[in-house]
Amino acid sequence: MADFVGAVDQGTTSTRFMIFDHGGNEVARHQLEHEQILPQAGWVEHNPIEIAERTTSVIRTAMQKANLQATDLAALGITNQRETTVVWDRRTGRPYYNAIVWQDTRTDRIASALDRDGRGDVIRRKAGLPPATYFSGGKIQWILENVDGVREAAERGDAIFGNTDSWLLWHMTGGVDGGNHITDVTNASRTMLMNLETLDWDDELLGFFGIPRQMLPEIRPSSDPNTYGVARWPGPLGGEVPLTGDLGDQQAATVGQVCFNVGEAKNTYGTGNFMLLNTGTELVRSENGLLTTVCYKFGDAAPVYALEGSIAVTGSAVQWLRDQLHIIKSADESETLARQVQDNGGVYFVPAFSGLFAPYWRSDARGAIVGLSRYNTDAHIARATLESICYQTRDVVDAMAQDSGVTLDVLKVDGGITVNNLCMQIQADVLGVPVSRPVVAETTALGAAYAAGLAVGFWKSTDELRENWNESQRWQPAWSAEQREDGYGRWKKAVQRTLDWVDVD
């Protein structure tokens, strides 16, 4: 049997390919960034062709680094930035428009209209999601209404939709030469178009957005022994590796963190923050601003659901310090700069660049830095940026406790920002619970590999995956209860200052 499993991790700012052994250890990786296209305020786009080309490149390079052939891989999984919407021509393979990224807010009027006439309540009940700019349904509607010829092509069956997993799977299984148009239940659950109970596209929801059903991919399990096809790209994976795993990035990280028991939770720190709490086979409907979503579905087993708190801007706030304010030259300098001060000096930064996601869901909010005085320096702003990541997580943790009754004993963390030791210490201080980082911090790619490997028997069970999980570092809370609640109270005041900034019809 082949000794390794590969995983494509197509993220918001970059695409990587990682190779893992049976112990869940990283064997090789390669990663490339792609352009962030910002046509106007609130609009965020990617070039789908660039993403496909970068994916080919990272696979080839990682395989070369490890000196591996396609026959060395037992299976291949894909994980992806969810909600980012691609509509393309199945005959030519060309996108009709750039990918509209999950952070994009151009569909705010579509989202607000759904809530005004009661359709929003139907979406909440059937799809587990509030009407919001975040999700794919409104983005598809925008493309249908604003890009010439797309609606006619969709009615003919030529224009098809997918999140970036579907876009890549279609290319990898042949593209215009018979590529498979598929997605998995986790990605489908992020569209506002799938019924959480039937795990199928819902005609009533499709009607709300005017989306022809033939545009949509076939919904499959997240780990599928029947495969999604085989990789048919030229090069090291040409036609020989079964594609058997597909998960949205945050669900993949939940699998990578082996949160298979009810009540287990993880928090991923990337461009945004995404916390998922496993609720088992029970659909728990949030009363406190969280999402109900599919966590994973392995083969013929019943789907497992989760509550999710999605935060739009965390790691990208650090990028903003680097790329727009130029007060740091690299992301890791944020820790060095923030360590120059003992506290935030009264400064609070709410990075509501795309409005506020969970638990507020306010598209009218915009970013604000409050509490400034002549005393403050760039170090205080850097510290406030790290604290904003942690306070937004506190908002979500509190909402989860109210919805589920689960009080965390420890928070499992992963993603790029977890290498920032100061930020993780602040997170423990803000929450008042220990924070635990695993040895393999890139759990998103690992989760996609696990899903793929389980489907082909590379790993026999989830118990075997648990044995692979090892802790790298743990941070214990150091703040007093008074210090914690005073800081959080001021954070809540800062959040209020961001609201009603943009008029939404």
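In what order do the 7 strands of the open sheet lie? In this predicted model, the order is 17-18-16-15-21-22-23, and the pairing within the sheet is mixed. Strand 17 (291-296) and strand 23 (471-475) form the edges, since each of them pairs on one side only. On average, and with direction ignored, neighbouring strands of the sheet are turned by 30° against each other.

Within this sheet, strand 21 (residues 411-414) and strand 22 (residues 435-438) run parallel and are joined by 2 bridges, and Leu411 has Val435 of strand 22 as its bridge partner. Helix 12 (residues 378-404) packs on the sheet, where it touches strand 15 (265-269), strand 16 (273-280), strand 18 (304-311) and strand 21, and its direction makes about 145° with that of strand 18. Helix 13 (residues 421-431), in turn, lies across strand 15, strand 21, strand 22 and strand 23, and runs at about 55° to strand 23.

Two helices also pack against each other: helix 9 (residues 249-256) and helix 14 (residues 443-456) meet at an angle of about 80°, with their axes 7 Å apart, which means that helix 9 is roughly perpendicular to helix 14. Among the residues making this contact are Ala252 and Val255 of helix 9 and Leu446 and Tyr450 of helix 14; the contact residues divide into 6 nonpolar, 4 polar and 1 charged.

| Cys259 | Cys295 | 7.9 Å |

Key. Residues are numbered from 1 along each chain as its sequence is written. This is a predicted model: local features need pLDDT of at least 70, side-chain atom pairs count only at pLDDT 80 or more; totals for chains, interfaces and linings use all residues. Side-chain values use heavy atoms; hydrogens and water are left out. A disulfide is a pair of cysteine sulfur atoms within 2.5 Å. Axes are lines fitted to C-alpha atoms, for helices over the stretch in contact, and angles run from 0 to 180 degrees between N-to-C directions. Helices (H or I, at least four residues) and strands (E, at least two) are DSSP runs, numbered from the N terminus. Angles under 35 degrees count as roughly parallel, over 145 as roughly antiparallel, 65 to 115 as roughly perpendicular and the rest as oblique. Contact means heavy atoms within 4.5 Å. Ala, Val, Leu, Ile, Met, Phe, Trp, Tyr, Cys and Pro count as nonpolar, Asp, Glu, Lys and Arg as charged, and the others, Gly among them, as polar. Two strands pair if DSSP finds at least two bridges between them.
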